[in-house]
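Grab your viewer and work through these exercises one at a time.

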Amino acid sequence: MRKKILLSILLIFTLSFTACNTPPISRHEINDLEFIRSIAIDTSKSIPDGVRLTMASKRLDVSGGGSSGEKKSTKVSSEGRTMFEAVRNFSTFLDKKPFWGHLEYVVIGEEAAKKGIYNYLDFFARDHEVRMNIYVFIMKGCCAEDLMQKADRSDRFVFDRLKGLIHSMDGQSVSNPVNLIEVMYIQDLKALSLYIPCVEMVNVTGGEDEDVTDIKMAGFAIFEKGKLVGFLDEDMGRGLNLLRNEMKSGIYVVNTPKGSKVSLEVINSKTKFYPEIKDGNLFLKVKVNMDSNIGEIDSNEDIFDNEVFTFLEQEQSRGRNFKGGTK
Amino acid sequence: MFFKRRKKVYKTDKEIFTEKMEKSENELTSSNISNLIQHSADIIFHSVNINGNKNLRVTVIFIEGLVDIMGMDQFILKPIMQEMDFEKCSIEDVVGMLEHSTLFHGVQKIRTKLSECVNDIMDGSVALVFDKVKKAVTFDMKGFDRRSITEPTEENVLKGPKDAFIEVLRTNTATIRRKIKTHNLVIEETTVGKQTLTKVAIVYIKGITNRHIIEEVKKRLDNIKADGVISSGVIEEEIIDNKYSPFPQIMTTERPDRFCASVLEGRVGIIIEGLPTTFVAPGTLNQFLQGPKDYSQNFIASSVFRLMRFTLMVVTLLLPGFYIAITSFHHEMIPTELALSITASKEGVPFPGFIEVIFMLIAFEALVEAGLRLPKNISQAVTIVGALAVGQAAVEAMLVSPAVVVIISMTAVASFTMPDQDFSNALRIWRFVIVILSSVAGLYGLSIGSLLLLIHWSKMESFGVPYLAPFVSVDDKQLQDTLFRLPFSSMYKRPIYLKTTNKKRRE
């Protein structure tokens, strides 16, 4: 019996004096937290070399008492000299404690990306709440805060749009989602430059003759030593996907010899590299093996013979005929 | 708790009783009996002259209400008063004749000891006491009002026998005899309780059941020092190994088929006079998760349901704790949209999650208790009031969030699927422990709670059989009747952990 008492005292002590700070595990009620879903990173206008963060989150409002909650979006910006400072400054503008465990999308503005992205992403890699599978995007053309402010509407939140973009990427293969963990991984590789998908703001004519700001995929942003050096457009983005052997699907529109348009849907694609040395220089021969479906023919032309197929295949392999977008 | 319990050698109650009677004028006479059993209104002393002969006096002693008076008049009193053979007999001859001829009765005993005779009377026999020769003849003439065999009230089954045990021991043993007709079925009897002198029968099959288990059951039954056996708990608590565990350690059943199936498996059955519930020892965790219908329906179906029952056991045990852990500590575990709706549902609720959960759990326990206490037609009202007050109104009054109501009702429904009530109660208690631990330390506390439970289960033994019996074995063949049920044709061995004498179930 004495042994048992001693043992339980020992157990209580070992449990309460672990290395964690007191209280050992912090308890926060779920309704005291603000779940940050997406965050935009820009350079600060007021603080030199500073950071401006804009976060967007969603709240369900059930003040009506019913089950059908009205969704409301919260957008808050904060600034700081460093990422961490700016992150802490969020809490002064929020009535709840910001919680980063549900962060899904990080959008970095073009200007900020030109200065180098690792000093921004370092915080996310270190903080214990942030997951490593968050998606990173680059905002092409303007600062990322605009995306949060303009593309966010009550019926279509900006993070839902980004999620939709990621889902649609496989169908077009003009870009490819990149996780934070992949960014950290590519950073360590010497032979590979960092590429991050970029998004672009477009104006879509809405139903009531009113321009609505929306976003679309715009290929890749290419980095050199963590700094943005250039963009790949949709066609080149598809080329990068081919090289990375990440082409999943996509539509190639080709013309038959008689002039009717045929849409070819890529159903399978495999890329192989054959390195060879010619005159003392290393060359890399890329062989792409692609299977396509005929998805659509715009005339009643009979194309089902081998000659036409060979012609179509050649047309397809010339590539560079992606005309995507919503313009 | 720091003192060692002094060990004394107690005499069993039966011995004390017998001794006491032998010390007094231990001659078997009607006056001594009358001294012993005092002046109770229901005990009838009746002096009769055999065949009208004044020299042949006999005292008829019986307890009114316990004895079938019509039968007694017809088959005992009428013959001894009218039988012509007695005319020229001495009193010894009469006793001899009563034993071997003259009367039409099957169960009769010659008693020469006072205590035996009194016990017989108390048990519902008619005693003919012959004062002159200090002898008595007792006739088992039990005739009292008894409940007829009805359908089981607690364990209902769709397919299968509809009979249940009743309060009369003899009827119950007969029910078992009717199901197991082998001559190897042994029904031993012992008496428990100083005052109630309750008969307890031990049922086993010779040649199957392990001898040591039988001996252990008998030993523990004989060691019971209770005053009386009115409720089953007296015997259960005295014979189980761990009194301080909330979990049941011997199986309780009111169904003869389940009882017989366990006895056939190699367990020992215990039937108590006056109780329609019977015990089967040793009990293992596995037994308490087996439903009565598992053996009467398709083995695939019962395997699926049994697997579901094991899952639901985990659900009813851990779900409230898990909810507290993830809403108060591990918010990243919840899918984002769910987290948002939980947040929205908690909007305006002033209490932290664990207070909500504990409040709802207590409300639920109160409802269950209230439903049990009240008569059936009122208990429906309780359910309605409970559903309205606790469910709807509490949510609207912002006392609890709807998410908690959903969690608690899922827990409650899962706990109702537990086939054994005692086991379900134990889970209820342990659920509170886990709720408290997880509200202190989140999933860490939850896992500590579950580990403690596992340690507790692993430590327990029931009559030498590990409580987690088939699961702690390395032999995979023993799992044939646990999380799933294999068809009977492949269960060709009895459970190995019961260490049966005859291992094979199928020849």
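**Exercise 1. Find how many residues lie between β9(B) and β10(B) in their hairpin, and which turn residue has a positive phi.**

Step 1: β9(B) and β10(B) form a hairpin with five residues between them. Helices and strands here are DSSP runs (H or I, at least four residues, for helices; E, at least two, for strands), numbered from the N terminus.

Step 2: In the turn, look at B:Gly274, whose phi is positive at about 90 degrees.

Step 3: β9(B) and strand β10 (residues 278–281) of chain B run antiparallel and are joined by four bridges, with B:Ile270 opposite B:Phe279. Two strands count as paired if DSSP finds at least two bridges between them.

A word on the ground rules: this is a predicted model, where local features need pLDDT of at least 70, side-chain atom pairs count only at pLDDT 80 or more, and totals for chains, interfaces and linings use all residues. Residues are numbered from 1 along each chain as its sequence is written, while chains are lettered from A and ligands numbered from 1 in the order in which they are written.

**Exercise 2. Decide whether the residues of β9(B) are buried or exposed.**

Step 1: Apply the cut-off: a residue is buried if 20 or more other C-beta atoms lie within 10 Å of its own, exposed if 12 or fewer, and partly exposed in between, with C-beta atoms placed from the backbone.

Step 2: B:Val268, B:Ile270 and B:Ile272 point one way, B:Gly269 and B:Ile271 the other way, and all are buried.

Step 1: Contact means that the C-beta atoms of two residues, placed from the backbone, lie within 7 Å.

Step 2: Axes are lines fitted to C-alpha atoms, for helices over the stretch in contact, and angles run from 0 to 180 degrees between N-to-C directions.

Step 3: The crossing is right-handed, meaning that the near helix is turned clockwise from the far one by less than a right angle.

Step 4: B:Thr175, B:Ile176 and B:Lys179 of α6(B) meet B:Pro256, B:Phe259 and B:Cys260 of α9(B). By class, that contact has four nonpolar, one polar and one charged residues. Ala, Val, Leu, Ile, Met, Phe, Trp, Tyr, Cys and Pro count as nonpolar, Asp, Glu, Lys and Arg as charged, and the others, Gly among them, as polar.

**Exercise 3. Find which helix of chain B gives the most residues to the side that touches chain A.**

Step 1: 22 residues of chain B are in contact with 19 residues of chain A.

Step 2: α11 (299–328), α12 (336–346) and α16 (421–459) of chain B each supply at least two residues of that side. α12(B) gives the most, with nine.

Step 3: Sorted by class, the chain B side has ten nonpolar, nine polar and three charged residues.

Step 4: Two of these helices also pack on each other: the axes of α11(B) and α16(B) come within 8 Å and cross at roughly 35 degrees, in a right-handed crossing.

**Exercise 4. Explain why chain B is more spread out than a compact globule.**

Step 1: Chain B holds 16 helices and twelve strands. Its radius of gyration, taken over C-alpha atoms, is 30 Å, well over the 23 Å that the globule rule (2.2 Å times the number of residues to the power 0.38) gives for 507 residues, so chain B is more spread out than a compact globule.

Step 2: Along the principal axes, the C-alpha atoms of chain B fill a box of roughly 105 × 55 × 55 Å.
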